[in-house]
Amino acid sequence: MKKLLTATLFFILLLTPTAAAPRASDDAPTAADPRAAVCAPSDIAPTTVVTTDTPFVQSATDTATVTCAAVAPLLHPIAETKEDSSTEKSLGQYVLTGSNGIYTLTLHSSGGSTYVASGKISELLSLTSGNVAFDSVTTDERIELTEGSYSFSGSLTSRGAITVSSGADLTLSQLTLTLTDSATVLVKGGELTVEASTVRSDGAAITLNYLPTSRLTLASGEVCSLGTAPALEILTGSATLNGGTLSSNGTAAVSNCSQLTLSGAPKLLSTKYGVITERPILLSDPDGSYSGEKLEVAYRGELTQGTMTELFYGASAFHTELITLYDIEGREFALTYFDGYEGSYEENFLAVYLPYTVRLYSGNGLISTQQRLSGEAVKLPEPEDKLGYVHTGWFLDGEGKHPYPTEEKIYSDTDIYSLYSLKAPEFSVNTFRKTYSQRPYTVTFARLEHPLDSLGGSYELVWYKDGAEVARGRELTVKDVADSGGYSCVITYRYSTDSVTVTADGITVAIEKATVPLPKIEPIYYDGTYKTPKIPESELYTVTLPTEKDAGSYPVIFTLTSP
């Protein structure tokens, strides 16, 4: 009842008719029209439509006919917006005035003005479907938009949140919106566009939450948090910042937990960071790529060694100069531009690339370095050719004790060594076969060579027979039949500080017995003296000759010098 009386008094003061006769109007309801009724105090409800047959006037002395009409005319705003020269109001535009729970919504048309009064702004807005100009309105009310498209302009101060729910589309165009007591514009599944407007709050000025369809587009204007909260909080949904300014007295202008797109040149101002984010940020949209001032961004997630964290998509290489990245503890991390990366479906992105370092070494020192993420394999190059050496493989140590498996994954900084060993010399030896001749023979290799011979390589040869060392050097000397048998030769080749040893087995030496012809012995005739036969000497044998004087047959003994 209190509410009803308030509305009644309000209309009596605003539109008290004078004694002048009412003027006829084509839009005014007739007596036969069921909509027509005389507005007595008891007839005025909390929401009341009042029409006049004269243009909108503020003076209570102007002539007016007061009638109660249905709400239906307000649901179809006049599309044509032209100036009423007598009132300087835009035709077809809703104007909302009032404060302290008493509000009036006015629609101006060429035939006059239509008024609606209510204690709730939300109730009045539900009757509109077009532009609403707030004429220095102050309210404590929580305003909720649930369906339809709205455009707000003018000036509005509110202690309550403005909620843009699913199905609602709100554009702030040339609006000054001041939110107090930490109130916010809450986008709850709907869409919000800010153009040439100012939104200020002592908390977060705009918050996206609840539904993934929540969407904000900032084209121009200013969104400001006068406190320490971010000017924009993206908890769920998506925001596109094409221009304008977002500012906060706290550590970040924007807090992003969902989807943020930066394009054009928006300004993000705070005491520390432009954005604090836990999700990747898109740096371009169909209208262009981000080209604003240098931007400092803090990332809430972990940035650990051995990982690549993709943080900015739709990027170009020059964005590495515009954006500085920090972790939440304030440590700066370099951003690397990638036009693609094996294992990633993305292209043209910036990432914090913290690979492990793999250093590849050879005998001549460092060959190259590779950057590998945790779990990636090293791409080993083809080993280079090295004169006189053979590649023995890749190892985790310089001594060759721990081989590196070629499919091994990397999980830390790693040094890998390409090791070489000195090639063994090439050799051949023929079977050595001779006949005993009392003279020594020399056994040598038919071929013994190495690629480094001309560069100072040297040999050491040790000959063995039946496991015992019998000679050293390139030559083996044999003479007697007893020297026949199987030999081996251990060959050590040295070059610089390297050496290699190889054994030549199965070297066969054969010294065959010689055929010794017996000399012809001439008979000796008896003459009464001692006689000794004359037999030619030979190096193959020695002769033991008898000396006798009596006639007879005496033995001559031949002894071979080598059995």
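What is the order of the four strands in the open sheet that contains β36 and β37?

**Figure 1. The whole chain of the predicted model.** The chain holds three helices and 49 strands. Of its 563 residues, 41% count as buried. Among contacts with a separation of 6 or more, 46% are made by residues 24 or more positions apart.

**Figure 2. An open sheet of four strands.** The strands follow the order β36-β35-β38-β37, and their pairing is mixed. At the edges stand β36 (365–372) and β37 (389–395). Each of these two has a single partner strand, so one side of each is left without a neighbour in the sheet. On average, neighbouring strands of this sheet are turned by 20 degrees against each other, direction ignored. Strand β35 (residues 356–362) pairs with strand β38 (residues 414–422) in the parallel sense, over four bridges. Within this pair, Leu 360 has Ile 416 in β38 as its bridge partner. In a regular strand, side chains alternate between the two faces of the sheet.

**Figure 3. An open sheet of 10 strands.** Here the order is β9-β11-β13-β16-β19-β22-β25-β29-β31-β32, with mixed pairing. The edge positions belong to β9 (143–145) and β32 (332–333). Because each has a single partner strand, one side of each is left without a neighbour in the sheet. Inside the order, strand β22 (residues 252–256) and strand β25 (residues 273–277) run parallel and are joined by four bridges. Asn 256 is placed opposite Thr 277 in β25.

**Figure 4. Ser 201 and its surroundings.** Is Ser 201 buried or exposed? Its relative accessibility is 0%, so Ser 201 counts as buried; the cut-off for buried is under 20%. The residue belongs to strand β15, which covers residues 197–201. A polar atom of the Ser 201 side chain lies 2.9 Å from the backbone nitrogen of Gly 203. Which residues does Ser 201 contact, leaving aside neighbours within four places in sequence? They are Leu 179, Ser 182, Ala 183, Cys 224, Ser 225, Leu 226 and Gly 227.

**Figure 5. A salt bridge between two loops, Arg 159 to Asp 181.** The two side chains meet with an N to O distance of 2.9 Å. Arg 159 lies in the loop between β10 (148–158) and β11 (162–165), and Asp 181 lies in the loop between β12 (168–179) and β13 (185–188), so the pair ties together parts that are 22 residues apart in sequence. Arg 159 has a relative accessibility of 47% and counts as partly exposed. Asp 181, at 47% relative accessibility, also counts as partly exposed.

**Figure 6. The hairpin of β43 and β44.** These strands run antiparallel and are joined by four bridges. Tyr 464 stands opposite Glu 469 in β44. Two residues lie between the strands, and Asp 466 in the turn has a positive phi of about 55 degrees. A salt bridge links Lys 465 with Asp 466, where the closest N and O atoms are 3.8 Å apart. How do the two partners differ in exposure? Lys 465 is buried, with a relative accessible area of 18%, whereas Asp 466 is exposed, with a relative accessible area of 69%.

**Figure 7. Salt bridges around Arg 472 and Glu 460.** The side chains of Arg 472 and Glu 460 meet in a salt bridge of 4.0 Å, N to O. Arg 472 lies in strand β44 (residues 468–472) and Glu 460 in strand β43 (residues 458–465), so the pair ties together parts that are 12 residues apart in sequence. At 53% relative accessibility, Arg 472 is classed as exposed, while Glu 460, at 34%, is classed as partly exposed. Through shared partners, salt bridges join Glu 460, Glu 469, Arg 472 and Arg 494 into one network.

Terms used: Residues numbered from 1 in each chain as written. Predicted model: local features only at pLDDT ≥ 70, side-chain atom pairs only at ≥ 80, totals over all residues. Heavy atoms only, no water. Buried < 20%, exposed > 50% of the residue type's maximum accessible area, 1.4 Å probe, protein only. Polar contact = N/O pair within 3.5 Å; in protein donor to acceptor, adjacent residues only side chain to side chain. Contact = heavy atoms within 4.5 Å. Pairing = 2+ DSSP bridges. Axes fitted to C-alpha atoms, helices over the stretch in contact; angles between N-to-C directions.
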